[in-house]
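Trainee: Could we go through this one together? I'd like to check the labels against their definitions.
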Amino acid sequence: PIWGSAQRGLFFVFEGLDRSGKSTQSKKLEEYFSKAGRPVKWTCFPNRKTPIGAAIDLYLRRQLELPDEAVHRLFSANRWEMAQSIVEDLRAGTTIICDRYAFSGVAYSAAKGLDFSWCQAPDRGLPCPDGIFFLHIDEKVGAARSNFGDERYENAEMQARVRGQFKDPRLRANVNWQDVNGARDMEVIHAEIRSAVEAIRQEDQVQLPWQQCS
Ligand code: 2DT
Ligand code: MG
């Protein structure tokens with residue numbers, strides 16, 4: 001097997017609506033790994049620092065207009081341009097903690113009316129996470145936390161549509177999807193995520209992270 005006997009890093013993804021606590025929780029998990037002396041890298045999608053990410057950033061800041069289909073493909077291409085380095089890091093034993101991934105890609109584009117399976121297609125073959133933590137917040141909590149800026153998608157109507165798309169079972173099929181109640185104290189949530197992570201670490205790690213993903 002390509003991983004040999006050496007322990008590869010693990011790949012964890014945080015998903016959820018805007019203001020669901022993904023950034024807070026993903027950074028707390030990164031801190032947990034680094035304090036334990038385990039190699040870890042935090043990353044996010046969109047990665048606005050790449051050439052494709054720069055175009056996405058312009059689109060999100062409303063400085064560039066693109067058809068929904070085109071921007072959907074750009075979000076996916078933004079993951080593909082990082083896929084090689086993610087796999088290299090995992091092989092080298094570094095755990096990757098990622099704020100949003102292909103699941104947001106599908107949920108946000110399907111919320112704009114694009115066909116769900118058409119949305120899933122371009123991400124097929126990407127490295128598959130070992131665990132996806134989906135932070136749930138109900139509408140009231142979301143509204144209380146919301147302090148939307150003026151990026152695209154940062155409005156209550158779009159958030160409601162995205163919430164609906166995240167419920168689609170096709171998103172969780174064949175992946176290790178973990179629903180997390182995001183309305184609780186952040187330390188309580190972190191403790192729950194930490195124990196899920198430790199359980200995943202105990203599992204057989206020979207599996208390749210190449211299976212069809214979302
Ligand atoms: P942040 O607020 O997390 O920077 O995201 N999005 C994200 C998509 O529409 N498709 C994708 O593939 C990804 C990763 C979610 C900016 C917005 O981009 C949306 C919110
Ligand atoms: Mg945002």
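Here is how some of the labels come about.

Mentor: Quick ground rules: this is a predicted model, where local features need pLDDT of at least 70, side-chain atom pairs count only at pLDDT 80 or more, and totals for chains, interfaces and linings use all residues. Residues are numbered from 1 along each chain as its sequence is written, and chains are lettered from A and ligands numbered from 1 in the order in which they are written.

Trainee: Why is H1 called oblique to H9?

Mentor: The axes of H1 (residues 22–35) and H9 (residues 186–202) come within 10 Å and cross at roughly 55 degrees. Under 35 degrees would be roughly parallel, over 145 roughly antiparallel, 65 to 115 roughly perpendicular, and the rest is oblique, so H1 is oblique to H9.

Trainee: What makes Thr24 and Tyr32 of H1 part of the contact?

Mentor: Contact takes C-beta atoms, placed from the backbone, within 7 Å. Thr24 and Tyr32 are among the H1 residues that make the contact, with Ile189 and Val197 among those of H9.

Trainee: How do you know that S1 and S3 pair?

Mentor: Pairing needs at least two bridges found by DSSP. S1 (residues 11–16) and S3 (residues 95–99) are joined by 4 and run parallel, so they pair by that definition.

Trainee: What makes S2 and S5 edge strands?

Mentor: The open sheet has the order S2-S3-S1-S4-S5, with parallel pairing. S2 (40–44) and S5 (177–181) each have a single partner strand, so one side of each is left without a neighbour in the sheet.

Terms used: Axes are lines fitted to C-alpha atoms, for helices over the stretch in contact, and angles run from 0 to 180 degrees between N-to-C directions. Helices (H or I, at least four residues) and strands (E, at least two) are DSSP runs, numbered from the N terminus. Two residues are in contact if their C-beta atoms, placed from the backbone, lie within 7 Å.
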